[in-house]
Amino acid sequence: MPSGSESRGPDKKSGAKSAKAIKAAKKKSGGTRAQGTAAPRHIPWLTIGAGGAVVVLVAVLAVNLVPKYQANVEASRFAPSAEDPDPSVDIDGVVTVDYPAGIHVQPTQRVAYDYSPPFGGPHDGIWATCTGTVYPTAIRTENAVHSLEHGAVWITYNPDEVSADQVETLDDKVDGRTFTMLSPYPGLDSPVSLQSWGHQLKLDSVDDPRIDQFIAALRINPNTYPEVGATCSSIPGSGFDPDNPPPFDSSAPGPDAVPMDGGGINPDQSEIGGMQLPPDLQLPPDLQQAPDQQLPPEPQQAPTEGSNG
């Protein structure tokens with residue numbers, strides 16, 4: 001062997017094997033990170049998205065529920081009490097008229113009402129169903145006025161001035177809320193008008209807070225309507241079907257229309273001073289008057305035979 005030469009045979013093979021082993025390990029592990037480089041962070045997008053959805057939901061609920069809560073609180077100030085039997089006198093724009101009760105007309109008769117929509121005076125012997133009823137079409141006014149005599153609030157609107165979305169706003173105030181009803185009233189001289197017995201309020205907006213105030217003050221307020229204790233439910237076979245009610249007549253009443261004083265019609269005495277319901281038609285507990293809202297007891301006359309209330 002020449003002088004100065006080195007033998008690398010065995011060591012060279014060993015180094016080659018080591019290099020191959022290192023390369024294989026790198027491929028298996030996906031390579032190596034440089035020293036000091038942090039592992040990539042995984043962002044929890046699903047959690048962040050869920051949290052964002054909750055925030056949006058809370059915001060939507062706040063936008064929709066808070067104003068309604070505030071409106072209910074404001075309206076509750078107009079609830080009747082012994083000290084304030086008719087809080088509607090404090091609502092700006094309310095018109096009041098003292099009407100006699102119990103003057104009934106026949107289903108084919110018209111009444112020459114003094115206001116439009118009417119809110120008192122002679123009316124049909126059968127009331128319009130007012131159990132939170134929403135009528136898509138206009139109904140006969142003579143039936144609706146009888147509902148007011150039972151303590152209902154009747155909300156009407158001009159279908160040419162109130163949009164579908166605005167009707168929904170009114171619908172929310174009525175649907176399923178007994179002793180209320182809603183219907184269009186063609187030719188109405190304001191966008192919205194509210195009626196209870198002897199009371200009326202005309203408004204320009206479905207968002208006016210006085211709508212809730214009027215309802216709170218006058219819906220089944222025993223101090224303001226004649227037939228305390230009467231029902232708003234339909235009587236099967238009575239002639240008033242809430243699914244197909246007697247239609248609204250927009251024409252002017254003719255010369256044979258019943259005048260506001262009844263034209264000699266004798267009032268139904270069973271409707272004067274209130275009435276007592278049979279046990280199976282008692283008002284639900286949430287509608288029964290608290291002791292401080294009840295009227296002093298008055299002598300009750302026996303119902304006239306055949307009276308339909």
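Strand β5 pairs with strand β7 (residues 192-196) in the antiparallel sense over 4 bridges. The model is predicted.

**Exercise 1.** Find which residue in β7 stands opposite T156.

Solution. Start at T156. Look across to β7. The residue opposite T156 there is S193.

**Exercise 2.** Work out in which sense β5 and β6 pair, and over how many bridges.

Solution. Take strand β6, residues 180-184. β5 and β6 pair in the parallel sense, over 5 bridges. Now pick one partner: V153 has T180 in β6 as its bridge partner.

**Exercise 3.** Decide why β5 is described as largely enclosed by the rest of the structure.

Solution. Strand β5 covers residues 153-157. Buried means under 20% relative accessible area. Check the two faces. V153, I155 and Y157 point one way. W154 and T156 point the other way. All of them are buried. That makes 5 of the 5 residues of β5 buried, so the strand is largely enclosed by the rest of the structure.

**Exercise 4.** Is I48 buried, partly exposed or exposed? Then place I48 in its helix and in its surface patch.

Solution. The relative accessible area of I48 is 47%. I48 sits in helix α2, residues 45-76. On the surface, I43, W45 and I48 form a nonpolar patch. Together they have about 360 Å² of accessible area.

Technical notes:
Residues are numbered from 1 along each chain as its sequence is written. This is a predicted model: local features need pLDDT of at least 70, side-chain atom pairs count only at pLDDT 80 or more; totals for chains, interfaces and linings use all residues. Side-chain values use heavy atoms; hydrogens and water are left out. Patches are made of residues with over 30% relative accessible area and no salt bridge: like charges are joined within 9 Å, nonpolar side chains (Val, Leu, Ile, Met, Phe, Trp, Tyr) within 5 Å. Accessible areas come from the Shrake-Rupley method with a 1.4 Å probe; for residues, only the protein chains shown count as cover. A salt bridge is a side-chain nitrogen of Lys or Arg within 4 Å of a carboxyl oxygen of Asp or Glu. Helices (H or I, at least four residues) and strands (E, at least two) are DSSP runs, numbered from the N terminus. Buried means under 20% relative accessible area, exposed over 50%, partly exposed in between (1.4 Å probe, protein chains only). Two strands pair if DSSP finds at least two bridges between them.
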